[in-house]
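Subject: Structure handover

Hello,

Here is the structure I promised to pass on. Please open it first, then read the notes below.

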Amino acid sequence: MNSKLCIIWILSILLAVSVSCKTFAYNISGASWPGSTATYYSTGGGTNSTFDSAFVEAMNKWNFFSNFVFANAGGYKDPCWNPNNDPGGPWFNGWEFRSDLCGTPFQGSTIAVNISWFIGSTIIQSGTVFNTSFTWDVHNGSGSNIDFRRVAAHELGHVLGLDHDNRFPALMNTNYSEIIEVPQADDVNGLRAIYGGGNSCFPDAYEPDNGSGQATPIIPGSPQTHSNCPAGDVDWFTFTLTGDSGVVLETSGSGSDTRMWLYDDSLNEIEFDDKCGTNNFSRIDRVCGTDALPAGTYYVKIDESGSDN
């Protein structure tokens, strides 16, 4: 007689509240955008949709942490256009790949540059240029090419009025990082110093994990600490089973509750839970002999119920 062994997995995700450090090291330029907003034309000249979408994602990395908001206009505008050619405006913000910095050579190993124009301490226009001497793609983690999205997010930090700072790990560190891809606590503190607003919400170490293609692998017995922050943030996870398995997926934390979706490898929804866990957190329990999961790859999506942080 043949029998199948059903393995039980317990996968836990902790939704922790971040506590901000009281030491601040950010550098700010002293300039800012009027009305705490800037509209960027997100289509780069002659690029493909992958880079265009990544630029929008980079803008969104800065939104919701303060009173400032990047708005996406779509379309292309020349980042090298000088507003002094038309002092009455309208002015606009754009980006593109170029082999030169608006007519002058790139210096040394510079991979990208932001150019901003001011009236007094008010920023009126910005343009971002990416050096075509380097090989670009869009990826998470380390890679042989330059990740466009994290460099765009860094340059957009300059657009906001942030300068380089190397005293703490930050997106605004001078050099390209194989690890840091999103604004860190020090970056967010600088942003709030300029534009105000915000709370104790900071990105967690697993960001970006906002879609199935960015899902964080989870393994049994190794809880992960995430934050559904800012409001509306979604975290994705993935795991692979080698045979029929009972699986427990659960979240825990304080101050809020979560919703959880379980999907197969084609992103077909298998199960959803809102409040079956402790203190209204989420729990999905697939039991051996009843509704065990077969071998395969699975995805989990989690958000904060009600988006109230």
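**Confidence and overall make-up**

This is a predicted model. Its mean pLDDT is 85 over the chain, and 87% of the residues reach at least 70. Treat one stretch separately: residues 15–24 stay under 50 in pLDDT. For that stretch the model has 20 contacts beyond four places in sequence.

The chain holds three helices and 16 strands. Of its 309 residues, 46% are buried. Among contacts with a separation of 6 or more, 67% are between residues 24 or more positions apart. The accessible surface of the chain is about 14300 Å². Carbon and sulfur atoms supply 50% of that area.

**The five-stranded sheet**

Which strands make up the open sheet, and in what order? The order is E9-E11-E16-E13-E14, with mixed pairing. The edges are E9 (216–217) and E14 (269–273), each of which pairs on one side only.

E9 and E11 run parallel and are joined by two bridges. Thr 216 has Phe 237 in E11 as its bridge partner.

Next comes E11 with E16. E11 covers residues 234–241 and E16 covers residues 296–304. They run antiparallel, with eight bridges between them. Asp 235 sits opposite Ile 302 of E16.

E16 also pairs with E13, which spans residues 258–263. That pairing is antiparallel too, over six bridges. Here Arg 259 stands opposite Asp 303 of E16.

As background, strands of a sheet pair through backbone hydrogen bonds, either parallel or antiparallel. In a regular strand, side chains alternate between the two faces of the sheet.

**Thr 258**

Is Thr 258 buried or exposed? It is buried, because its relative accessible area is 1%, against a cut-off of under 20%. The Thr 258 side chain also makes a polar contact, at 2.7 Å, with the side chain of Thr 251.

**The disulfide and the cysteines**

How many disulfides does the chain have? The count is one. The bond joins Cys 80 to Cys 102, with an S to S distance of 1.9 Å. The two cysteines are 22 residues apart and link distant parts of the chain. Cys 80 lies in the loop between E3 (69–72) and E4 (94–98). Cys 102 lies in the loop between E4 and E5 (112–119).

Which hand does the disulfide have? The torsion about the S-S bond of Cys 80 and Cys 102 is about -75°, so the disulfide is left-handed.

Now the accessibility of the pair. Cys 80 has a relative accessibility of 18%, so it counts as buried; the cut-off is under 20%. Cys 102 has a relative accessible area of 29%, so it is partly exposed. Cys 276 is exposed, because its relative accessible area is 58%, and the cut-off for exposed is over 50%.

**Where to look**

For a quick tour, go to the E11 and E16 pairing with its eight bridges. Then move to Thr 258 and its contact with Thr 251. Finish at the disulfide between Cys 80 and Cys 102. Keep in mind that pLDDT is under 50 over residues 15–24.

Best wishes

Definitions and conventions:
Residues are numbered from 1 along each chain as its sequence is written. This is a predicted model: local features need pLDDT of at least 70, side-chain atom pairs count only at pLDDT 80 or more; totals for chains, interfaces and linings use all residues. Side-chain values use heavy atoms; hydrogens and water are left out. Helices (H or I, at least four residues) and strands (E, at least two) are DSSP runs, numbered from the N terminus. Buried means under 20% relative accessible area, exposed over 50%, partly exposed in between (1.4 Å probe, protein chains only). Contact means heavy atoms within 4.5 Å. Accessible areas come from the Shrake-Rupley method with a 1.4 Å probe; for residues, only the protein chains shown count as cover. Two strands pair if DSSP finds at least two bridges between them. A disulfide is a pair of cysteine sulfur atoms within 2.5 Å. pLDDT is the predictor's confidence in each residue, from 0 to 100. A polar contact is a pair of N or O atoms within 3.5 Å; within protein, one must be able to donate a hydrogen and the other to accept it, and residues adjacent in sequence count only if both atoms are side-chain atoms.
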